[in-house]
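Trainee: I am new to this structure. Please take me through one part of it closely, then link it to a few other places.

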Amino acid sequence: MLQFIRNASGPLPVLRRIGTLATCAPHGAQGDLHLVPNAALAWDNGLIRWVGPERELPHEFQGWENWDAAGRLVIPGLVDCHTHLAFGGWRADEFEQRIAGRSYQDIARAGGGILSTVARTRAAGTTVLSDRAAHFLLEMLSLGVTTIEAKSGYGLDLDTELLLLRIYRRLAGDGPVRVVPTFLGAHTVPAEYRDRRERYIDLVIRRMIPAIATERLARFCDVFREDGAFSVAESRRILGAGKAVGLVPKLHADQLTSGGGAELAAEMGAASADHLECISEAGIAALASSGTVAVSLPLASLYLDHRPLPARKLIDAGVPVAVATDFNPGSAPSYHLPFAMTLACTMQRMSPAEVLMGATIVAARAIGVEAVAGSLEPGKAADFAVIDAESVNQWLYHLQPNACTMTVIGGKRVHPVSN
Ligand code: NIG
Ligand code: FE
């Protein structure tokens, strides 16, 4: 009967002639991709039914519609677990200033940096913000990205923070990219509260967090723990207030200075601690014991010309290391996750296999979607990308503008959109 129903709605697809399939199943070491050579992948109703060597494809899938991978590499849809997706304007002027030697902090202290994007975001209007974000998502999915996390944090007033999160909710509903929202009202203290930071923290805790919880607009609450942004004590209060209403903590930690960020992330049971360029030995030990994911953001290290996080030390200590873009108009103005992955290899000395795990199943864990995304296993969403390379090494070594020849989300081809 089941077979009859399937046939009645047309043959279901099986992807065949996969040269190498990386399942990225979560067990084993970070570098263990669980590769299947000469593989096939079958899905039904948006979920993976079977994955394995093509010669072992069970009889029940033999009559299904064949999709041809032509010997290419197949990976789980990429997960970009740290983006600041919606913002107004750009900051190319600051790019030039930093090249000339001015520091990121100096620019921020003079009213540039995050605050200049806040002004442009508040002025942009819903349509512009949401059309731009939708455009970025389309570009991302053409690169093989199927799930992203998206932070607010360029509104920094109640209405604009809610607006950014509502835009994310709409984009998530429209699909096809899966969008996981994070509230980052504590990105920095906005200009109008410069001399009243306590009042701003009150606004975040008493007005923004409750409103977001009531509307269920975010899954995570993030804070920028940094000199010039928020102290450890302030971050603890804000994350605690979020946690009390069900927002899981995340933290921008130890990016520009070593300030107890990783330790706080561990203490709060954060899902992830992100950046970590300046993480201390104590911070590494704290993350290792809390099970918090370390999110590496090599584009931010590249653009700010910072030494990257100590990925090898973290992995050796047993901390899972994700790789994400940090896409934002200041420190990481690119959504090119495969480029960030290549940088994670060269700058962070992670193997290509560790990096692919870092941008799939480890990233999925950093944003709480590991039960549905991040690996190619029966029962998970049929989200995958076909990559024009013979191996993961070849893909991340020979950086092409776009090596992704097909992206599938929930069993449906979303890139390219037509033949
Ligand atoms: O993750 N570090 C804080 N926030 C962003 C940068 C934001 C900006 O410069 O606009 C980051 O790097
Ligand atoms: Fe960030």
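Where is Leu276 found?

Mentor: Leu276 is in the loop between strand S11 (272-275) and helix H10 (281-290). Helices (H or I, at least four residues) and strands (E, at least two) are DSSP runs, numbered from the N terminus. A word on the model before we go on. It is predicted: local features need pLDDT of at least 70, side-chain atom pairs count only at pLDDT 80 or more, and totals for chains, interfaces and linings use all residues. Residues are numbered from 1 along each chain as its sequence is written, chains are lettered from A and ligands numbered from 1 in written order, and side-chain values use heavy atoms, without hydrogens or water.

Back to Leu276. Its phi is positive, about 65°, although it is not a glycine. Leu276 counts as buried because its relative accessibility is 0%. Buried means under 20% relative accessible area, exposed over 50%, and partly exposed in between (1.4 Å probe, protein chains only).

At 74% relative accessibility, Arg216 counts as exposed.

Two peptide bonds deserve a look. The one joining Gly175 and Pro176 is cis, with omega about 0°. Pro176 belongs to the loop between helix H6 (158-174) and S8. The bond from His415 to Pro416 is cis as well, with omega near -10°. Pro416 is in the segment after strand S16 (412-415).

Now try another loop, between strand S6 (78-80) and helix H2 (92-99), where Thr83 lies. Thr83 is buried, at a relative accessible area of 0%. Beyond four places in sequence, it is in contact (heavy atoms within 4.5 Å) with residues including Met140, Ile148, Thr325 and Phe327. Thr83 and Thr325 are 242 residues apart in sequence, yet their C-alpha atoms are 6.5 Å apart. The side chain of Thr83 reaches the backbone oxygen of Glu149 at 2.7 Å. For polar contacts the cut-off is a pair of N or O atoms within 3.5 Å; within protein, one must be able to donate a hydrogen and the other to accept it, and residues adjacent in sequence count only if both atoms are side-chain atoms.

Thr342 is in helix H13 (residues 337-348). Thr342 is buried, at 12%. Its side chain reaches the backbone oxygen of Leu396 at 2.8 Å.

Next comes ligand 1. It is surrounded by 15 residues, and the closest are Tyr104, Tyr154, His187, Gln255 and Ser331. Here a residue is near if one of its heavy atoms lies within 4 Å. A polar side-chain atom of Tyr154 lies 2.6 Å from an oxygen atom of ligand 1. For His84, a polar side-chain atom is 3.4 Å from an oxygen atom of ligand 1. An N or O atom in the side chain of Gln255 is 2.8 Å from a nitrogen atom of ligand 1. The protein covers 100% of the 330 Å² of accessible area that ligand 1 has on its own (Shrake-Rupley method, 1.4 Å probe). Ligand 1 sits in the largest cavity. A cavity is a set of points, on a 1 Å grid over the protein atoms alone, where a 1.4 Å probe fits but cannot get out. Sitting there means that more than half of the molecule's atoms lie within 2 Å of its grid points.

Terms used: On a 1 Å grid over the protein atoms alone, a cavity is a set of points where a 1.4 Å probe fits but cannot get out, and a pocket is an open set with protein on both sides within 12 Å along at least five of seven lines; lining residues have an atom within 4 Å of a point.
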